[in-house]
Amino acid sequence: MTAGASSTDEALRQRLASIRARIDDASRRVGRTPEDVVLVGASKRQDEARLRSAFDAGLVVFGENRVQEAITKSARLPIAIDWHLIGPLQSNKAKAAARLFSTIHSLDRAKIVHTLDREAGRLGRRLYGFLQVDLGDEATKHGFAVDGLVETVEPFARLEHLDVVGLMAIPPYEESLDEARQWFGRLRSLRDELALRPAWRDRPGGWPGALSMGMSHDFEVAIEEGATHVRVGSALFGPRLS
Ligand SMILES: *Cc1c(COP(=O)(O)O)cnc(C)c1O
């Protein structure tokens with residue numbers, strides 16, 4: 001084996017290439033531009049060698065579920081990585097999260113939205129975020145309820161330091177991709193509803209209405225339904241450490 005090129009590197013390179021090709025195909029099937037889809041490598045409980053290999057192969061955005069795990073990893077990995085938080089955030093971790101992450105996909109309650117806006121202000125930086133929606137109304141899932149969503153989230157349309165760019169969901173697991181597709185369609189409809197409201201529609205520069213949805217087994221249908229960010233873990237990095 002030549003120096004620098006390990007089997008981890010080669011495996012990651014191939015899986016990344018294959019996922020990018022599938023993103024391209026899914027985008028083209030519905031007349032979308034593949035560049036409009038951001039691949040977020042869901043890297044929780046993956047060892048650093050795999051993250052490094054993925055970065056070396058061209059992956060830039062990594063999504064972590066826990067603040068402390070991300071801090072530990074980021075200290076040993078390239079500075080050019082764009083860290084996103086995709087797991088639930090406790091208020092007492094908001095300051096640390098605002099330092100490390102550019103984007104929080106898991107804004108699941110009003111309090112954390114305001115806390116992050118304030119922390120970003122203190123740090124003099126801009127943060128990006130997605131409002132997580134509890135699509136399936138599941139007791140075990142985080143997120144804003146679908147019922148009354150449009151009214152509930154209106155105050156977040158114009159925060160000073162936290163730019164809410166769109167909606168995110170982790171729908172109930174569906175073996176059937178047709179069922180998964182319906183959940184993704186529902187999130188898109190909610191996004192469309194928001195986009196018509198003056199608070200969002202009339203934002204200076206407009207509102208991107210981004211959609212963070214789709215994981216390893218269903219990211220292609222998510223793209224067909226409008227996903228702008230797909231969070232892919234095991235299909236990219238392999239099985240997670242226990
Ligand atoms: C783990 C995780 C993913 C990726 O899951 P895979 O099925 O491994 O692709 C995506 N989103 C969130 C929020 C996760 O926690």
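Strand β7, residues 162-168, is mostly covered, with 7 of its 7 residues buried. The model described here is a predicted one.

**The strands around β7**

β7 has pairing partners in β5 and β8. Strand β5 covers residues 127-134 and is joined to β7 by 6 bridges, the two strands running parallel. Within this pairing, Tyr 128 stands opposite Asp 163 of β7. Strand β8, residues 210-212, also pairs with β7 in the parallel sense, over 3 bridges. Here Met 168 is the residue that stands opposite Ser 212 of β8.

What is the burial of β5? Of the 8 residues of β5, 7 are buried, so the strand is largely enclosed by the rest of the structure.

**Trp 200 and Glu 154**

Trp 200 belongs to helix α8, which spans residues 198-201. Its relative accessibility is 0%, and the residue therefore counts as buried. Which residues does Trp 200 contact, leaving aside its neighbours within four places in sequence? They are Leu 131, Val 153, Glu 154, Phe 156, Ala 157, Val 164, Leu 194 and Trp 207.

Glu 154, one of these contacts, sits in the loop between α6 (149-153) and β7. Glu 154 counts as partly exposed, at 28% relative accessibility. Leaving aside neighbours within four places in sequence, Glu 154 is in contact with Arg 197, Ala 199 and Trp 200.

**Helix α3**

Helix α3 runs over residues 67-76, and its buried residues are Val 67, Ala 70, Lys 73 and Ser 74. Seen down the axis of α3, these buried residues fall within an arc of 130 degrees, so they line one face of the helix. The elements that cover them include α2 (48-56), β2 (61-64), β3 (82-85) and α4 (94-100).

**The largest pocket**

The largest pocket holds about 310 Å³ of space. Its lining is made up of 18 residues, and those nearest the centre are Lys 44, Asn 65, Ile 86, Ile 170 and Met 215. By class, the lining residues divide into 6 nonpolar, 8 polar and 4 charged.

**Loop residues with positive phi**

Most residues other than glycine have a negative phi. Arg 45 is not a glycine, yet has a positive phi of about 50 degrees. Arg 45 is placed in the loop between β1 (38-42) and α2. At 39% relative accessibility, Arg 45 counts as partly exposed.

Asp 137 is likewise a residue other than glycine with a positive phi, near 50 degrees. Its place is the loop between β5 and β6 (144-145). Is Asp 137 buried or exposed? Asp 137 is exposed, with a relative accessible area of 66%.

**Positions near the start of the chain**

Ser 6 is found in the segment before α1 (7-29). Ser 6 has a relative accessible area of 28% and is partly exposed. Glu 35 lies in the loop between α1 and β1. Glu 35 counts as exposed, at 65% relative accessibility.

**Separation in sequence and in space**

The table sets out C-alpha to C-alpha distances for pairs that include residues discussed above.

| Pair | Separation in sequence | C-alpha to C-alpha distance |
|---|---|---|
| Ser 6 and Ala 49 | 43 residues | 9.9 Å |
| Glu 35 and Asp 24 | 11 residues | 8.3 Å |
| Glu 154 and Trp 200 | 46 residues | 7.9 Å |
| Trp 200 and Ser 27 | 173 residues | 26 Å |

Glu 154 and Trp 200 are 46 residues apart along the chain, with their C-alpha atoms separated by 7.9 Å, and Trp 200 is listed among the contacts of Glu 154. Trp 200 and Ser 27 are 173 residues apart in sequence, and the distance between their C-alpha atoms is 26 Å.

Note on methods. Residues numbered from 1 in each chain as written. Predicted model: local features only at pLDDT ≥ 70, side-chain atom pairs only at ≥ 80, totals over all residues. Heavy atoms only, no water. Buried < 20%, exposed > 50% of the residue type's maximum accessible area, 1.4 Å probe, protein only. Helix = DSSP H or I, 4+ residues; strand = E, 2+ residues; numbered from the N terminus. Pairing = 2+ DSSP bridges. 1 Å grid on protein atoms, 1.4 Å probe; cavity = no way out; pocket = protein on both sides within 12 Å on 5 of 7 lines; lining within 4 Å. Points joined across faces, edges and corners; volume = space filled by probe spheres on them. Nonpolar A, V, L, I, M, F, W, Y, C, P; charged D, E, K, R; others polar. Arc of directions from axis to C-beta. Contact = heavy atoms within 4.5 Å.
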